[in-house]
Amino acid sequence: MKFRFILELFNSFNFVLAPPTCILCGKIIENNPIGSNHICSHCWENLPQPKNSKDILERFDQHFGAENNPFSFAFSLFDSEKNHQFLEIIHYFKYSKFTQIGKFTGKLLGEKIKDEIEKKQIKVDYIVPVPIHLVRKRERTFNQSEIIGQAISKVTAIPLETKLLKRVVYTESQTQLGFEERISNVSKAFAITRDKAFVENKNFIIVDDVLTTGSTLYYCGKILKENGAQKLMLAVLTTA
Ligand SMILES: [Zn+2]
């Protein structure tokens with residue numbers, strides 16, 4: 001018990017004394033002008049440029065049909081599709097609980113959103129993070145989309161709405177299903193917890209960490225549209 005305490009004490013001192021290193025290149029980060037303790041300015045400047053909104057939205061057209069695409073605009077910070085090593089940023093944030101990464105990247109994404117909506121004069125009513133299952137939240141202790149959403153909300157002054165969407169509990173039998181069937185079950189994964197009047201004629205930005213097939217964001221968007229949402233946009237840190 002005593003030994004463990006000393007070890008923990010040592011580790012915490014070591015953590016304070018050890019200079020922060022970049023999660024991508026391993027170099028020591030000194031006086032980082034971009035303000036991150038996890039990504040050096042060189043790596044940050046060399047992140048692949050984000051895809052434009054039109055290209056991102058085309059994924060939804062392809063998978064679900066253009067007439068069903070609930071989104072009118074997509075924001076992202078960088079692209080990882082051809083360079084999967086940049087997904088490390090997300091892994092460190094999500095699984096190693098480096099929440100500072102989410103706060104930092106979320107802030108930058110927020111600045112981008114702020115510029116764009118001011119330029120286009122779009123009124124956004126709520127920022128809505130994609131919810132995670134309660135069990136997963138207990139394991140991970142946080143919802144990564146919520147951390148990004150908080151940072152966006154802080155920059156843009158658009159209220160964060162975390163209760164509107166809920167990830168409905170998966171039943172035992174669903175774990176027996178095949179991959180395809182499970183994907184189709186994403187369609188039933190979300191529920192709305194407020195009445196229709198809350199959603200009707202409002203504009204939302206739905207936030208997630210990564211966009212791959214887009215099925216999660218699609219079904220979140222679909223349920224809001226079905227409940228009368230007017231304009232839906234999406235914001236992700238990266239596309240993969
Ligand atoms: Zn680096």
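1. In this predicted model, strand β5 (residues 203–211) and strand β6 (residues 231–239) run parallel and are joined by 8 bridges.

2. Helix α5 (residues 99–120) packs on it with contacts to β1, β5 and β6, and the direction of α5 makes about 140° with that of β1. Helix α10 (residues 215–226) also packs on the sheet, where it touches β5 and β6; the angle between the directions of α10 and β5 is about 165°.

3. The sheet itself is open and consists of 4 strands in the order β1-β6-β5-β2, with parallel pairing. Its edges are formed by β1 (73–79) and β2 (126–129), each of which pairs on one side only. On average, neighbouring strands are turned by 20° against each other, direction ignored.

4. The length of helix α3 (residues 53–64) may be checked against expectation. At 1.5 Å a residue, its 12 residues should span 16 Å, and the end C-alpha atoms are 17 Å apart, so the two values agree. After α3 comes Gly65, whose phi is positive, near 90°.

5. Which residues of α3 are buried? They are Ile56, Leu57, Arg59 and Phe60. These residues lie on the same side of α3, because they cover an arc of only 130° around the axis. The exposed residues Lys54, Asp55 and Gln62 are carried by the face of α3 that is turned away from the buried side.

6. What do the buried residues of α3 pack against? Their partners are the strands β1, β5 and β6, together with helix α10. Helix α10 is itself packed on the sheet, touching β5 and β6, and β5 and β6 are joined to each other by 8 bridges.

7. Ser72 is situated in the loop between α3 and β1. Is Ser72 buried, exposed or partly exposed, and why? Because 14 other C-beta atoms lie within 10 Å, Ser72 is classed as partly exposed; a buried residue would require 20 or more, and an exposed one 12 or fewer.

8. With neighbours within four places in sequence left aside, Ser72 is in contact with Lys231, Leu232 and Met233.

Definitions and conventions
Residues numbered from 1 in each chain as written. Predicted model: local features only at pLDDT ≥ 70, side-chain atom pairs only at ≥ 80, totals over all residues. Pairing = 2+ DSSP bridges. Helix = DSSP H or I, 4+ residues; strand = E, 2+ residues; numbered from the N terminus. Axes fitted to C-alpha atoms, helices over the stretch in contact; angles between N-to-C directions. Contact = placed C-beta atoms within 7 Å. Expected span 1.5 Å × (residues − 1). Arc of directions from axis to C-beta.
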